[in-house]
Amino acid sequence: MMEEQRYVLELQHISKEYSGNPVLQDVSLTVKKGQIYALMGENGAGKSTLMNILFGMPVIHSTGGFTGTIKISGEEVNFLSPHDAMEAGIGMVHQEFMLIPGFTIAENIKVGREDTLPTLPSRVFGPDLERLNRPKMNADARVALDNIGLDISEETKVAGLPVGYMQFVEIAREIDKKNIKLLVFDEPTAVLTESEADQLLKVMQSLAAKGIAIIFITHRLSEVMQVADYMTVLRDGELVASKAIADTSAVEIAELMVGRAIEKLVDDDKNTKVSTEQNEVALSVKDLYVDMPGETARGVTFEVKSGEIFGIGGLAGQGKVGIPNGLMGMFSSHGDVEIFGEKLNFTKLGNALSKGLAFVSEDRRGVGLLLEESIAHNIMFGAMTTKRDYLSNFGITKLLSAGRMNRHAKDMIKLLDIRCVGGGQRVGALSGGNQQKVCLASALTMKPRILVVSEPTRGIDIGAKKLIMEYLAHLRQEEGLTIIMISSELAELRSICDRIAIVSDGKIEDILAPDASDAQFGLAMSAAAQNSEVS
Amino acid sequence: MERALGALKQGAKDFGLPRIIILAFFFILLLAAALVGMDIPWLISDVLLRWGMWGILVLAMVPSIRSGIGPNFGVAIGIAGGLLGALVSIELRYFGFLGTLDPDGITFGLVSISLAVLLALAFSSLLGILYGLLLNRVKGNEMIVSTYVGFSFVALFNILWLLLPFRSSTSIWPIAGQGLRTTINLVDDFGRVLNNLFRVEIGNFIIPTSLLLTVLLFCFVIWVFNKSRYGMVMTAAGSNPEYAKARGINVNRARIVGTTISTALAGVGIVMFSQGLGFLQLYNAPMWMGFSSVAAVLIGGATVKRAAIFNVLLGTLLFQGILTVALPVANELVPEGNLSEILRLIISNGIILYALSKARGGSK
Ligand SMILES: Nc1ncnc2c1ncn2[C@@H]1O[C@H](COP(=O)(O)OP(=O)(O)OP(=O)(O)O)[C@@H](O)[C@H]1O
Ligand SMILES: [Mg+2]
C-alpha cells in the first residue's frame, strides 16, 4: 500500500489514435513525488498528446478518447476535463499559450479561482454574486510573478505581450495554485533565453524540493542534464527508453531521440563562411523605433550585407522581437529603413513584403498560421498574395491552382521533414514543432531576398533543428539569400551567424563575432541591468 | 472492408451528426405527410421552389462570415436596397422604358427581371459599403449591432416607402395616390418569370428550372470568388486578422468587401424571392428574413467563422424543407390556431440558438 503511494502518477498502457493514425502506442511511465521527470522525443513523437490525455483536454475526448489507465497517488482517475485534473492537483503549462488576451496578467493567473468578497446580494443569493477581491488577487499574482522573477505590472493586459512574457504568466498561473501535486511543463523554455531558462529551472527545482512532481518536456538536452532526475524518450508514439539521468548522457539521449548521433548543430562543411564585406547593403536600419508592448525598440541602428546571416539576440523584453515586427508593420514604428537601397514606407501596409522581405513570426499560432486551413494552403498563401503565384487563368480571372499548390507542398514537406498525413492535413492538427516548419516553408515559398526569422527553431527537436539550420546555411551559400535571425538561443545564433547583434534596452548594445567569448556576450546582454545600477 | 468502413465513418463525421439528424427528421416528416394523405409530389415541388427563392438570401451569409463579420443579421439592409431596385424597375416599365416589347413575351420578363437585379445590385452595394464602414467601428459586436441596424433600417424604409415619389399605379395605393402598397403584385413585371421559364412538369411535380439555375449561377460566382486571390485574402483576414496584417492585407478593406458582397447578394436575393412569390412585400416583411437566412446556413453546417457554398445549398434545402413539410403536417394534426407561425419561429430561433452556442464551444 505505502509502496504504491510513492508514485504521484502512473500511466499504464496508454494508446491513442487520431482518425486512424496511432500517435501513442502502449506507453507506460511512473513519476515519484518531488521528481523532475523529463519527457523527450522528436517533433510529433506524441509528448503533448500524452500530456493532453493526462490533463483531460477536450481535444482528446472529441477525437475518440484513448485506452489505458491513469493513476494519481495510486488511485485510478478518469478526467473528463482539465477542470477535473486541476481539482486532483495537476497543473499544466501548455506548449501553446492558454491565456485570455483581454484580461490582465493578474486576472489570467487567477482565472477560474478568483478570490471573492461577500456582497449584499451574495449573502442573499449565494456566492455567485460575490465581488472580486482585486487587491488580494493582485497581491497573490505579484507573489507568483516575483517567485519566477518576472518584472512587469500584474495589471498589464496580456494582449500584445511578447511570447516570452506570456510563457512566464502561464507558469505563474500554475505555481499560484495551492494544492498542486504534479506540474507539467510542455516546452516552457522554448522562447526563453538561457539566463531566463536558468531562472525557470531554479523555480522548478525549488518546487520539486517542496515535494511537487514535475514532468518537463523540452528539446534542450542541457536543461535535462541540469535538472532532471529521470527521463523517458518517445519515438513515433512508442516508448524507446526510460532511464535515470545519472545513468545516461546527453549524447545518448540525442541518439535515442532521433536514432542517430548528433554532434554539432551545423556541420562545418555545411556552413562555409563566405566573406560578405564587399557585398552591397541588403538592409540598412537607422534609428528604428517600434512601439511593441513589452518589446519596444528605441533607436536601433544596423546594416546587413547581402548574403549575410545576421543574428539578433538579447534577453526577453529588451526589444529584439520588436525589430522584425516593426519592419513588417505589425506595430507603429518609425525610422530610416532601406531595403536594397529602397526606402521602406511604414505607412504602407505590406511595403516590406513587396520589397522582398519575408517574415517568420515568433507567434506561430497568432500570426504565423491559418490553423483551420490545410498545410498546403498555409504554405502557398504568402506567395499567392504578394507575388500572385499559384494562380492559374480561369476565364477573365485567376483562380487557385490546386495542383501546383499540392505539388509544391509535397516538396516542402519532404524538404523540411514535416511529419504529417499529407498536404491536405489541417495545420491545427500538427504537433508544435511541425507547425513551426510550415511557417518556415511558407516564408521560403515567397522566394524572399531577405528572410527574417524570429525564433525559427522554437519547439523544434534537435534533429529537425539541425536540418533547418543547415538548410538556411545552404540557402545563403547557394542562392545568396540574406538572413536575419532573431533568437533567444545564443548557441543557435553562434552556430550559424556571421555577426550577432545584442539588443539591450531597446538599442543595439554591441555587434559581436560568433566566436567572441561568453563573457563578451554576457556583458552585452546584461548591459541594461548594469546601466540602471549605475544611475 | 475495414478501410471502406473507416472512410464511411469519416465521411459521416465530416457531414456532421446534427445534419444527419435533421435529414432524418426531414424524411420522417415526409413520411408523416404521406401518412396523413398529403400530396407528396406537390410538397416536394414546394420545397424546391422555396429552395430557389431563399437560396441567394442564404448565400449572402457566405461572404459576411468569411470576411470575419459573422452571419449577416443585417440582411434587411440589402433587402431594402433590393426592394428599392425592384420598385425602380417597376417605375421604369410604367414610364415605358421597356418600349414596345410584348408584355406577355418571355423577353419582356427576362429584361424586366434583369433590370430589377441590376438596380438591386447597385442600390444594395452602395448601402453595403456604408454598412461595412459602420461595422468596422464596432468590431467584436457585429452580430448584435447588425441585428439592430437591420431593424432600424426596416423602420427607416417604412418611412421612405410612404414618402418616396413613386408614381406607377402598380406600386402605390390607388385612392390616396401616394405611398407604396404593402404587397405589390408583380404580374405585369417579373413575377414568377424564372419559376415558369423551362419549367418541368410531371403531374403535380414541378421543377422551377430557371430559378434553380439562377441560384446555382450565383453560387458558382461566389465559389469562383472564394477561390480567387482576393477571395482567399478576404477569408484569411476574416479567420485571423493578425495573420493577414503580417502579410500586408488591409483587414478593414476585406471586411468592407465582404459586407458589400453580402449586402448586394441580399438585394438580388429579395428580387429572386419576390419573383418566386409573385409579389413584393414591403414594410415589416423583411424584418425576420435575416434570422431565417442565418438559421439556414448554420443548419447547413456553417459556423459563425466558416461557411462554404455547400452549407448554403444543404442548409436552405433542410431548413425550408422542414418548414414547408412540417407546417402543413402540423396543421393537419392540430388544426386550430396559427400554430404554423409559432412553429416557424420556434424552429428558426431554436436553430440559431443551437448553432451560436455550438460556435462558442467549438472555437478554442
Ligand atoms: N488535434 C489533432 N488531430 C489530429 N492529429 C493530431 C492532433 N494533434 C496532434 N496530432 C498528431 O499527433 C502526433 C503527435 O503530436 P504531439 O503534439 O503529441 O507531438 P509532440 O511530441 O508534442 O511534438 P512537438 O515536439 O512538435 O511539440 C503528430 O503526428 C500530430 O500530427
Ligand atoms: Mg508538443
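What percentage of the 535 residues of chain A count as buried? The share is 49%, where buried asks for 20 or more other C-beta atoms, placed from the backbone, within 10 Å of the residue's own.

This is a predicted model: local features need pLDDT of at least 70, side-chain atom pairs count only at pLDDT 80 or more, and totals for chains, interfaces and linings use all residues. Residues are numbered from 1 along each chain as its sequence is written, while chains are lettered from A and ligands numbered from 1 in the order in which they are written.

**Fold of chain A.** Chain A holds 21 helices and 24 strands. These are DSSP runs, numbered from the N terminus: helices are H or I of at least four residues, strands E of at least two. The C-alpha trace spans about 75 × 55 × 55 Å along its principal axes.

**Ligand 1.** The shell has 23 residues, each with its backbone-placed C-beta atom within 6 Å of the ligand. Ser48(A), Thr49(A), Ala429(A), Ser431(A) and Gly433(A) come nearest. α2 (47-54) and α17 (432-445) of chain A each give two or more residues.

**Contact of chains A and B.** Chain A supplies 26 residues and chain B 20 residues; contact means C-beta atoms, placed from the backbone, within 7 Å. On the side of chain A, α15(A) gives the largest share, five residues.

Both residue sets are split by class below.

Note on methods
Contact = placed C-beta atoms within 7 Å. Buried ≥ 20, exposed ≤ 12 C-beta atoms within 10 Å, placed from the backbone.
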